[in-house]
Amino acid sequence: MSGIALSVLLESCGVTDHITAQISGSDLIIPVSAFQIKKNNRAQFKKYLVVQNEKLQFPICIYRFDENNYSALYMRCTHQGAELQVFGDKLQCAAHGSEFNNKGEVMNDPATENLRKFPVTILNDQIKISLA
Ligand code: FES
């Protein structure tokens with residue numbers, strides 16, 4: 001891949017991030033600020049974050065649609081349980097090629113079930129993902 005293509009790719013992937021979040025009670029807690037990117041003095045937001053915690057067997061991908069709308073998706077393929085990878089607005093499974101959209105809906109088989117989704121609430125600049 002040429003240097004130019006790579007830098008364009010990195011630019012478009014500048015919205016990616018992985019973080020480790022705390023669990024409080026049965027909630028995974030992520031500060032809203034974890035989505036913020038400061039660019040040219042303007043607040044911008046990452047499209048998604050991949051969130052991990054040692055108590056989680058698989059990471060959770062949180063997509064941000066706007067300040068009040070997020071989806072929290074368990075990154076475990078519903079076909080045979082492999083870990084998914086995020087590519088922009090979709091999650092893909094390297095095992096047999098299933099794909100899911102950013103709301104966890106199956107887009108490509110062999111998986112037939114949507115991803116597990118967790119309820120999300122936003123309070124005091126914190127995103128709470130209910131794992132209960
Ligand atoms: S385990 Fe994901 S497609 Fe088979």
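1. Some ground rules come before the details. Residues are numbered from 1 along each chain as its sequence is written, and side-chain values use heavy atoms, with hydrogens and water left out. Because the model is predicted, local features need pLDDT of at least 70 and side-chain atom pairs count only at pLDDT 80 or more, while totals for chains, interfaces and linings use all residues.

2. Start with S98, in the loop between β10 (90-93) and β11 (99-101); strands here are DSSP runs of E, at least two residues, numbered from the N terminus. S98 is buried, with a relative accessible area of 1% (buried means under 20%, exposed over 50%, partly exposed in between, with a 1.4 Å probe and protein chains only).

3. The side chain of S98 reaches the backbone nitrogen of A111 at 2.9 Å. Beyond its neighbours within four places in sequence, S98 is in contact (heavy atoms within 4.5 Å) with residues including C77, H79, L91 and N108.

4. Now compare E113, in the loop between β12 (106-108) and β13 (117-118). E113 is exposed, at 53% relative accessible area. Leaving aside neighbours within four places, E113 touches T78, F100 and V106 by the contact rule. The C-alpha atoms of E113 and T78 are separated by 5.9 Å, though these residues are 35 apart along the chain.

5. Finally, look at the open sheet, where 4 strands are ordered β2-β3-β15-β14 with antiparallel pairing (two strands pair if DSSP finds at least two bridges between them). β2 (22-24) and β14 (120-123) stand at the edges with a single partner strand each, so one side of each has no neighbour in the sheet. Between β14 and β15 (residues 126-130) there are 4 bridges, and I122 has I127 in β15 as its bridge partner.

Methods:
A polar contact is a pair of N or O atoms within 3.5 Å; within protein, one must be able to donate a hydrogen and the other to accept it, and residues adjacent in sequence count only if both atoms are side-chain atoms.
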